[in-house]
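Here are a few notes to read alongside the structure. Have it open and click along as you go.

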Amino acid sequence: MPCHDRYGLPLSTSSDFAAEQYQTGLDLLLSLWPGAAQTLEEAITADPSFALAYAGRARLHAIQAESAEALSRIATAEELVARHGTERERSHVGVLSLAINGKAARALDGALAHADCWPRDILILSLPLGAFGLFAFSGMADHDQARVDLCERHARHFEADDWWFLTYRGWAHGENGNVTLGRELTQRALEVRHNNVNAAHAFAHVLHESGASDEAEAHITDWLPGYDRSGILHGHIAWHGALVALEKGDAERALAIYGEHVAPSASTGVPINVVSDTSSFLWRLQAYDHAAPAGLWDEAASYASNYFRQAGFPFADFHMALIAAATGDFSALESRVAGLTDLVETGSLPAGPVVPAICRAARAFAEEDYAGCARLLEPMASEVVRIGGSGAQREIVEDTLLVSLMRSGEADKARALLDKRLHRRPSTRDMRWRNSLVSG
């Protein structure tokens, strides 16, 4: 009898054990729970000709920013699947190969076409989804809606309690503004599979978008201790807890969380998470009128200096600009802006001119040119979504604009922006700012 995955898709292996370990490893990978690497390696050992096991391992290497290993494993998968893979498996490996080899636009097209043929092939369906998925980093202004559309197009193929689909469908709706549905789905996903990092993460995001700070704090405090510190998103989920503390004005607790879980010396996250979490936390800390203890920015800059040296990855470019601006490395910042501008002019940066603009704004803010910062950010406000990431991560740009408006005497504009934010979700910090403008 041929082997199948848990969605009934045939697997080109004659080893029941290899198929079982592959499925278990895939579930661990897609929930980001520790143990995926070892389990997929066991599948490979049980059947060294099992192409999809190599492909799954390549995907995990890519998630962990282990580029050389990812390229090696996906090359092996391509060789094997060409010899004895099904049409679905050849397409599966081909799409993953495009993504791992940096051909993002072709990978996105391939993933969408593959999902139309085999919607229950969840490793491929996962590629366009998530904060760092192919949609998010496509430069599209409507990628939040695109994720919703993709999930709804294929929802009929999944059971109501499918933990993987609940997670990503909930994430998509929460990020696109339907926080009620997003909360319902992500909370259910976590109930079905508690050891599901992506669901715990998605639930933290939807609580943020709901303004449910107390619930977010309770969720993170309860769930995080059961997740090993070596986990990829351990530091990032703790980062959410630090943001909750900042929201409440408790800088001391926020810094304690940062030092224990988020700082480069504490986090075991991948570079994009460590760079974005450290820079955005420290920038927020200062924008909210708290001092950053000596050495924290230098530590973040030292870590970041090893990564993202070339302009062209907008989400990283912005966070690298925050670090350069905060540490006074304006030469590095201007070099990055020049590189981004060249890419815009040649049509090679899908996210467009918003990227160099927000990097320039970071310098203006750091130099206390708040009016100049606001002039740069106001016309770009609706385009910031193009850099990818989540709403919570991009909110730092709006915070920078808001603080710049308040500090440059644009009280009416600041009040209008605060009223818009408060209409969307409650915020004790925004209410404090609103009250200060009224009393002022």
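How many residues does helix H15 have, and how far does the helix reach from its first C-alpha to its last?

1. Keep in mind that this is a predicted model. Helix H15 covers residues 271–287, which gives 17 residues, and reaches 24 Å from its first C-alpha to its last. That is close to the 24 Å expected at 1.5 Å a residue.

2. Is H15 mostly covered or mostly open? Mostly covered: 16 of its 17 residues are buried. Just after H15, have a look at Asp289, which takes a positive phi of about 70 degrees.

3. Now for the inside. In soluble globular proteins, nonpolar side chains tend to be buried together. Here, the largest nonpolar core has 147 residues. Tyr22, Trp164, Trp223 and Phe281 are the ones with the most contacts inside that core.

4. Setting aside its neighbours within four places in sequence, Trp164 is in contact with Arg6, Tyr7, Leu30, Ile122, Leu125, Ser126, Leu129 and Phe158.

5. Next, the second largest pocket, which holds about 870 Å³ of space. It is lined by 27 residues, and Ala381, Arg394, Glu398, Lys420 and Arg424 are the closest to its centre. Helices H9 (163–175), H21 (391–407) and H22 (411–424) are the elements that each give two or more residues to the lining.

6. Which helix gives the largest share of that pocket's lining? It's H21, with eight residues.

Note on methods:
Residues are numbered from 1 along each chain as its sequence is written. This is a predicted model: local features need pLDDT of at least 70, side-chain atom pairs count only at pLDDT 80 or more; totals for chains, interfaces and linings use all residues. Side-chain values use heavy atoms; hydrogens and water are left out. On a 1 Å grid over the protein atoms alone, a cavity is a set of points where a 1.4 Å probe fits but cannot get out, and a pocket is an open set with protein on both sides within 12 Å along at least five of seven lines; lining residues have an atom within 4 Å of a point. Grid points are joined across faces, edges and corners, and a volume is the space filled by probe spheres set on the points. Helices (H or I, at least four residues) and strands (E, at least two) are DSSP runs, numbered from the N terminus. A nonpolar core is a set of buried Ala, Val, Leu, Ile, Met, Phe, Trp, Tyr and Cys residues joined through side-chain atoms within 4.5 Å. Buried means under 20% relative accessible area, exposed over 50%, partly exposed in between (1.4 Å probe, protein chains only). Contact means heavy atoms within 4.5 Å. The expected span of a helix is 1.5 Å times one less than its number of residues.
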